[in-house]
Amino acid sequence: MKLKFTLVAAILLAITSLNAQEISDTSFGKGLINFTAKDSSFSVKFAPRFQVRSMSSWDHDGNQYGSPDHNFIVRRARLKFDGFAYSPKLKYKLELGLSNRDISGANQFNRNTPRYILDAVIMWSFAKNWELWAGQTKLPGNVERVVSSANLQLIDRSLLNSRFNIDRDLGIQLRHKSNLGGNFLMREKFAISQGEGRNVTEGNEGGLQYTGRLEFLPFGTFKSKGDYFQSDLKREEKPKLMLGFTYNYNQDAVRERGFAGDYMIRTDGSIYETDQTTIFADAMFKYNGFSFMGEYAKRTANDEVATELDGTTPTGDIVLTGNALNLQAGYLFKSNYEIAARFTTLNYENVTGAVPTEQYTLGINKFIVGHKLKVQSDISYTTLDGNKDNITFRLGFDIHF
């Protein structure tokens, strides 16, 4: 409660101080507050957003579909601040989550408190084409995860992302871009992070996490950084392609999915550790209203089965190893209606006990002000091991100031 009052007070203070600032670019979708100090010593954009959705789900019991389950939720509610401090070369981003899903995940390693902080990172352009990032933010993982949840083509990310992504962590990142000739661009991203996900406050139980990513743009950059938002809202006049490859090594990982999942705690209170490796290969393509995204993910571990100190007795915890494929495409009509489709398949190692999964999704969107104000709907058919089926229909809207 105290934090909520502090947030409200900070926002009111920012609003009342506008008379001392130069206000600019305050149209809808470009920040509720967007200003720069008169002496150009800092800038701030405050952009709240939220997503509301309804969901209806039908399970198949082998003979027929049962009665639907209905759910209405505020899936995301965020307060986002970004700008520069002292110099335009030193940028920052602070993003806070307020919905139940945003702040869930309390455990003994974050003092059993809500996880309000999503991003708290500074980005320093210390030389031409070089940036150093420090703080908590998304790792340079699969493209679908790095795309903001505000800029998705379907109502939410795929099953590949929910089972295999490497998400946010606390650490440092080094980023560079190179021109390989003509319009051909290469971007290199490297990160060293804590390895246990966001908002961990009680030390680092395992080893560190190391991430490297290479991105190739053979036809040059996308309009408005369109390789990191879904749907071809800018209607690329020429074909644009990004190919990405990520390698992630989490040394002595202590959670079932590296950054997430249960901590693998033994009965004596010690924690099981094992090295985990995750690789991604992905692509983003856009041209004249058509968009395509493809992703492949694979996670391995030195020993998936967590054991007690004797090294033989299983604790019941198992690292979620396996691989996944996700293919997604859409076409945006000139009326700003869009149709989109996605196919996702998950295949786990036998030791995990998880069954193969396939999901087919069809969506229809209406973009009113791009991703800033939109209405989306999709329907998914999911089959577990080919015999347990589910149909889910979702309808929702996004508003992003």
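This is a predicted model: local features need pLDDT of at least 70, side-chain atom pairs count only at pLDDT 80 or more; totals for chains, interfaces and linings use all residues.
## Fold and overall shape

Four helices and 23 strands make up the secondary structure of the protein chain; these are DSSP runs, with helices being H or I of at least four residues and strands being E of at least two, numbered from the N terminus. The radius of gyration of the chain is 22 Å, close to the 21 Å that the globule rule gives for 401 residues, so the chain is as compact as a globular protein of that length. (That radius is taken over C-alpha atoms, and the rule is 2.2 Å times the number of residues to the power 0.38.) Along the principal axes, the C-alpha atoms fill a box of roughly 65 × 50 × 50 Å.

Residues are numbered from 1 along each chain as its sequence is written, and side-chain values use heavy atoms, leaving out hydrogens and water.

## Burial and contacts

Take contacts, meaning heavy atoms within 4.5 Å, between residues at least 6 apart in sequence: 59% of them join residues at least 24 apart.

## Salt bridges

Count a salt bridge whenever a side-chain nitrogen of Lys or Arg sits within 4 Å of a carboxyl oxygen of Asp or Glu, and you get 21 of them. One pairs Asp 156 with Arg 75 at 3.4 Å, N to O. Asp 156 lies in the loop between helix H3 (143-146) and helix H4 (159-164) and Arg 75 in strand E5 (residues 69-85), so the pair ties together parts that are 81 residues apart in sequence. Asp 156 is buried at 11% relative accessibility, and Arg 75 is buried at 10%.

Glu 215 and Arg 213 also pair up, with their closest N and O atoms 2.7 Å apart. Glu 215 is buried with a relative accessible area of 0%, and Arg 213 is buried at 1%.

Then there's Arg 394 with Asp 378, at 3.0 Å, N to O. Arg 394 is in strand E23 (residues 388-400) and Asp 378 in strand E22 (residues 373-384), so this bridge links parts 16 residues apart in sequence. Both residues, Arg 394 and Asp 378, are buried. Elsewhere, salt bridges with shared partners join Arg 49, Arg 78, Lys 93, Glu 95, Asp 102, Asp 119 and Arg 168 into one network.

Definitions and conventions
Buried means under 20% relative accessible area, exposed over 50%, partly exposed in between (1.4 Å probe, protein chains only).
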